[in-house]
Amino acid sequence: MEPFYFGPKDQRLFGVYHAPSVRRDVPAGVVLCYPFLQEYFRSHRAFLRLATQLVGRGWHVLRFDYSGCGDSYGDGPSGPEAWEQDLRLASRELIDRAGAIKLAWVGLRLGAGLAASVAPSVPSLSRLVLWDPIVNGPDYLRELDEFRHALTLSPGTRRKVERFGPNDRGVGLDLAPEVLQSINRLDLASQLNACADQILVLDTQESNSTADYARRLAENRNVTFKRLSERPIWIERKRNDPRNIKVPTASLQAIVDWMSGTDA
Amino acid sequence: MREHTVVFGDDSPLVGIITEPDGGYQENVPVFLFLNAGLDHRAGPHRLYVTLARKLAAVGVASLRFDFSGIGDSPASRSLDAPEDRGVAEARQAMNFLARSVRSEAFVPLGLCSGANVGFALAATDRRVVGAVLINPTTMPAEHTKEQSEEALKRAQAHHHESRLRDWKSWTRVLTGRSNAMSVYRSTVRLAGHAFRGQSAPRRKDVDLGLLPELGTRGVELLAVFSEGDLGLELLTTHVGSFENLAPLNRFQLEIVRDTDHILTPLHDQQRMEALVLNWTAQRLSAGLARSANGSMPVDALR
């Protein structure tokens with residue numbers, strides 16, 4: 001595992017490269033696309049575990065933080081357009097570093113939405129995993145609003161969020177209006193342009209919109225739709241409760257198996 | 001400001017990021033160490049540590065934020081020590097690493113929750129620590145009884161209940177028929193259950209609030225920031241009685257933030273925290289350093 005910074009000097013991105021522990025005939029790399037905002041923090045451990053499992057199947061893996069997120073440069077979430085550039089940059093970095101011929105992406109939630117949006121501009125994508133993708137931006141923003149009334153915010157804290165922070169959606173991060181507008185424009189169902197040689201849509205929340213999206217996408221793409229039931233790791237209740245850092249083992253296994261071509 | 005990754009550690013690799021000011025390291029300016037808050041990785045809750053590290057760098061102060069073993073990007077250690085003890089040991093490894101690599105001799109641990117506990121224990125046991133920022137620590141005096149700890153926990157829970165029951169919005173819904181008193185009560189109890197889930201009365205005796213006077217004598221500056229009603233504040237209250245009793249401890253600065261949660265979710269409170277740390281660094285730490293280190297502190301660089 002090798003942590004490093006890459007990208008332009010004034011907008012460097014933090015990444016962690018995981019070298020494969022077994023050799024494949026054709027070098028292949030996978031870029032992991034985190035979800036955003038508070039969901040990023042909740043899923044960090046799961047992504048580390050996923051990277052560890054994928055290198056055991058011969059994949060070169062790159063985890064990275066979008067600009068303005070995690071340890072990457074930038075003062076706050078900069079929005080999907082900038083993050084699309086970040087994803088392209090990370091993919092180039094992995095190809096250069098690993099000499100990867102085949103490239104895959106695994107995205108969770110808004111990270112999956114981002115991956116699906118950018119995929120058409122990357123002709124070499126062999127596999128694409130959309131893990132509980134955010135199909136509809138406005139729905140996601142409604143979820144954020146519900147999160148504002150999350151269980152750990154007292155009435156006084158909630159009032160403070162509403163009173164003092166025009167960019168404060170109660171998730172602890174500064175969300176500029178243009179970021180919200182960008183998210184609001186996300187509509188995978190109407191675009192249906194996600195493309196790769198093979199696509200896995202993984203739904204762990206029995207989401208009708210995800211199932212419908214996968215069904216419509218499958219009309220023109222090679223799509224595997226897999227549904228299983230697992231607790232949503234990206235929802236935060238109490239940060240210091242180890243039970244909320246649980247790794248979604250069934251989801252990870254499903255992804256690793258599909259990536260390895262060993263799924264049932 | 002420039003950031004670069006580092007990997008260090010005696011027993012297992014610890015992953016961290018050094019944030020350097022544009023002018024590089026300044027002699028006699030301590031290096032901040034950001035310590036994991038609970039199980040959150042080194043960016044800190046709401047990325048608070050990243051923001052603070054960069055703002056400190058802007059005024060000439062370097063820092064290292066890193067993951068304890070088994071948290072964030074650092075692999076689990078084979079050590080069988082308790083997590084708190086391991087945390088203190090690994091924070092020392094971080095200081096040793098910085099002493100070798102950038103020749104820093106003075107450090108300021110900054111942590112939230114369990115990170116604050118580690119920071120306090122580090123300050124108490126390592127003379128290279130010249131100051132510490134403790135955000136919602138759950139420290140307690142060594143002579144504290146289990147009953148006193150449980151009493152503090154009950155008071156924290158009572159504060160939580162009271163704040164919810166004072167919520168006019170809830171009662172407006174009751175009065176307008178959109179809710180009923182029983183549902184407000186149930187909601188209050190349920191939310192308290194979530195707020196304090198996994199939190200029990202502390203049992204550890206080695207993070208001893210009774211050391212505060214000794215730390216002051218040693219010249220260690222402490223900034224303690226508490227969310228109103230937080231368990232740590234109730235523990236402190238149990239120990240000192242009235243806050244006025246803290247007045248003789250002139251190296252101990254206490255700040256209480258009202259209407260916030262344990263991890264400072266409102267942006268307004270995060271900004272206040274940043275300002276507190278920057279001001280404290282400029283005003284208090286410089287004087288302490290001048291006394292404890294050779295030469296004088298370049299105060300202007302910190303203002």
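Me: Which strands of chain B does helix α2 (residues 83-101) lie across?

Reply: In this predicted model, local features need pLDDT of at least 70 and side-chain atom pairs pLDDT 80 or more, whereas totals for chains, interfaces and linings use all residues. Residues are numbered from 1 along each chain as written, chains are lettered from A and ligands numbered from 1 in written order, and side-chain values use heavy atoms, without hydrogens and water. Helix α2 of chain B lies across β1, β2 (14-20), β3, β4 and β5 (107-112), running at about 150 degrees to β3(B); helices (H or I, at least four residues) and strands (E, at least two) are DSSP runs numbered from the N terminus, and angles run from 0 to 180 degrees between N-to-C directions of axes fitted to C-alpha atoms, for helices over the stretch in contact. Helix α3 (residues 114-125) of chain B also packs on the sheet, where it touches β3, β5, β6 (131-135) and β7 (221-227), and its direction makes about 150 degrees with that of β5(B).

Me: What is the strand order of the open sheet in chain B?

Reply: Strands of a sheet pair through backbone hydrogen bonds, either parallel or antiparallel. The eight strands in chain B follow the order β1-β2-β4-β3-β5-β6-β7-β8, with mixed pairing (at least two DSSP bridges between two strands). At the edges, β1 (2-8) and β8 (252-257) of chain B each pair on one side only, and neighbouring strands are turned by 15 degrees against each other on average, direction ignored.

Me: In which sense do β3 and β4 of chain B pair?

Reply: Strands β3 (residues 31-35) and β4 (residues 63-66) of chain B pair in the parallel sense over three bridges, and Phe32(B) stands opposite Ser63(B) in β4(B).

Notes: Contact means heavy atoms within 4.5 Å.
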